Amino acid sequence: MKVSKAQAQANRAHIVETAASLFRERGYDGVGVADLMAAAGFTHGGFYKHFGSKTDLMAEAASCGLAQSAEVAAGMDLAGFLTYYLSRQHRDTPGDGCTMAALCADASRQPESVKAAFAAGIEAQLSRPDPQDGLPEAGADDEGRARRIALMAQAVGALVLSRSCPDDAPLADEILDVCRADVLARLSPE
C-alpha cells in the first residue's frame, strides 16, 4: 500500500522524535537502527526510505532534541528553568531531558553534520532574547553572551557530572545542589 506524502512526512517526524529520545537515553552507539525503528513502530527495512544513513538521522534528531529543549526553556524564566534543570527529576530522565547534557560528549566524536547541529542549537540558546533573565542583552562579543555561556556550561557540566555518579550516591545530589545554589546566586541582583 502506497503511503501519502503527508503520512511519509509524519512517519519521518515520528522516527526523528523517537530517535531524539532514545539517543538521549542510551547514547548514539547504544541505539541500533533495528531497535530504533521497532521503538518507532516501523520495520528496519523502512529506515533507508527516510534517511541516507544513521549519521543523517543523528544530526536531525540532535536538531529536534535541541529544539525541544529550547521550547521547555522558553516557557520558564531563567531562575525557574535552572532550578528544574539542576534537579534530581531532570537528572533521572535523560530520555526526556536536555540533549546537550545527554549527548555533547558523544557528539564530540561524531561527524561534522552532528557537530554542526549541536553548534546551531547551542547558538540558538545563547542568542535567545529573554529580557526577564537579568542578563545584559546577548550580542556577538559582550558580557551578556559571556555570562550565558558560563551559565550554560556550568549547568550542563553539573548535570553530566551528577549523572556520572551512581544514582544513590550523595555526591550526585551534592553536585546539583551546589551548582544550583551558585547559578541562582549569580542571577540575583547584588
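Trainee: Which residues does Thr 99 touch, not counting those up to four places away in sequence?
Mentor: This is a predicted model, and contact in it requires heavy atoms within 4.5 Å. Leaving out residues up to four places away in sequence, the partners of Thr 99 are Arg 24, Ala 62, Gly 65, Leu 66, Ser 69, Cys 104 and Phe 118.

Trainee: Does Thr 99 count as buried or exposed?
Mentor: Thr 99 belongs to helix α7, which spans residues 99–107. The cut-off for burial is under 20% relative accessible area. Thr 99 has a relative accessibility of 1%, so the label is buried.

Trainee: Which side chain makes a polar contact with the side chain of Thr 99?
Mentor: A polar contact needs a pair of N or O atoms within 3.5 Å. For the side chain of Thr 99, a distance of 3.5 Å is found to the side chain of Arg 24.

Trainee: Arg 24 is buried; what is its nearest side chain of opposite charge, and how far away is it?
Mentor: Arg 24 sits in helix α1, residues 5–26. A salt bridge requires a side-chain nitrogen of Lys or Arg within 4 Å of a carboxyl oxygen of Asp or Glu. Arg 24 has no salt bridge, and its nearest side chain of opposite charge is Asp 96, at 5.1 Å.

Trainee: How many disulfides does the count come to?
Mentor: The rule asks for cysteine sulfur atoms within 2.5 Å. The sulfur of partly exposed Cys 104, at 28% relative accessibility, is 7.2 Å from its closest cysteine sulfur, in Cys 98, and that is too far for a bond. The sulfur of buried Cys 179, at 15% relative accessibility, is 11 Å from its closest cysteine sulfur, in Cys 165, again too far. The count is zero.

Trainee: Where on helix α2 do its buried residues fall?
Mentor: Helix α2 covers residues 33–40, and its buried residues are Val 33, Leu 36, Met 37 and Ala 40. Seen down the axis of α2, they fall within an arc of 95 degrees, so they line one face of the helix. An α-helix has 3.6 residues a turn, so residues three or four places apart point the same way. For α2, the answer is one face.

Trainee: What covers the buried residues of α2?
Mentor: Just after α2, Gly 41 takes a positive phi of about 90 degrees. The cover over the buried residues of the helix includes α1, α3 (47–50) and α4 (54–74).

Trainee: How far apart are the C-alpha atoms of Lys 54 and Leu 36?
Mentor: Lys 54 is in helix α4 and is partly exposed, at 24% relative accessibility. Its contacts beyond four places in sequence include Phe 23, Tyr 28, Val 33 and Phe 47. Lys 54 and Leu 36 are 18 residues apart along the chain, and their C-alpha atoms are separated by 10 Å.

Trainee: Which residue forms a salt bridge with Glu 60?
Mentor: The whole structure holds 10 salt bridges. One of them has its closest N and O atoms 2.4 Å apart and joins Glu 60 to Arg 12. Glu 60 lies in helix α4 and its partner in helix α1, so the pair ties together parts 48 residues apart in sequence. Glu 60 is partly exposed at 27% relative accessibility, as is, with a relative accessible area of 27%, Arg 12.

Trainee: How far apart are the closest N and O atoms of Asp 106 and Arg 109?
Mentor: Asp 106 is partly exposed, with a relative accessible area of 22%, and Arg 109 is exposed at 61% relative accessibility. They form a salt bridge, and the closest N and O atoms are separated by 3.8 Å.

Trainee: Which residues do salt bridges that share partners join into one network?
Mentor: Asp 92 forms a salt bridge with Arg 91, with the closest N and O atoms 2.9 Å apart. Asp 92 counts as partly exposed at 41% relative accessibility, whereas Arg 91 is buried at 3%. Through shared partners, the network takes in Arg 88, Arg 91, Asp 92, Asp 167 and Asp 173.

Technical notes. Residues numbered from 1 in each chain as written. Predicted model: local features only at pLDDT ≥ 70, side-chain atom pairs only at ≥ 80, totals over all residues. Heavy atoms only, no water. Helix = DSSP H or I, 4+ residues; strand = E, 2+ residues; numbered from the N terminus. Buried < 20%, exposed > 50% of the residue type's maximum accessible area, 1.4 Å probe, protein only. Lys, Arg positive; Asp, Glu negative; His and termini not counted. Polar contact = N/O pair within 3.5 Å; in protein donor to acceptor, adjacent residues only side chain to side chain. Arc of directions from axis to C-beta.
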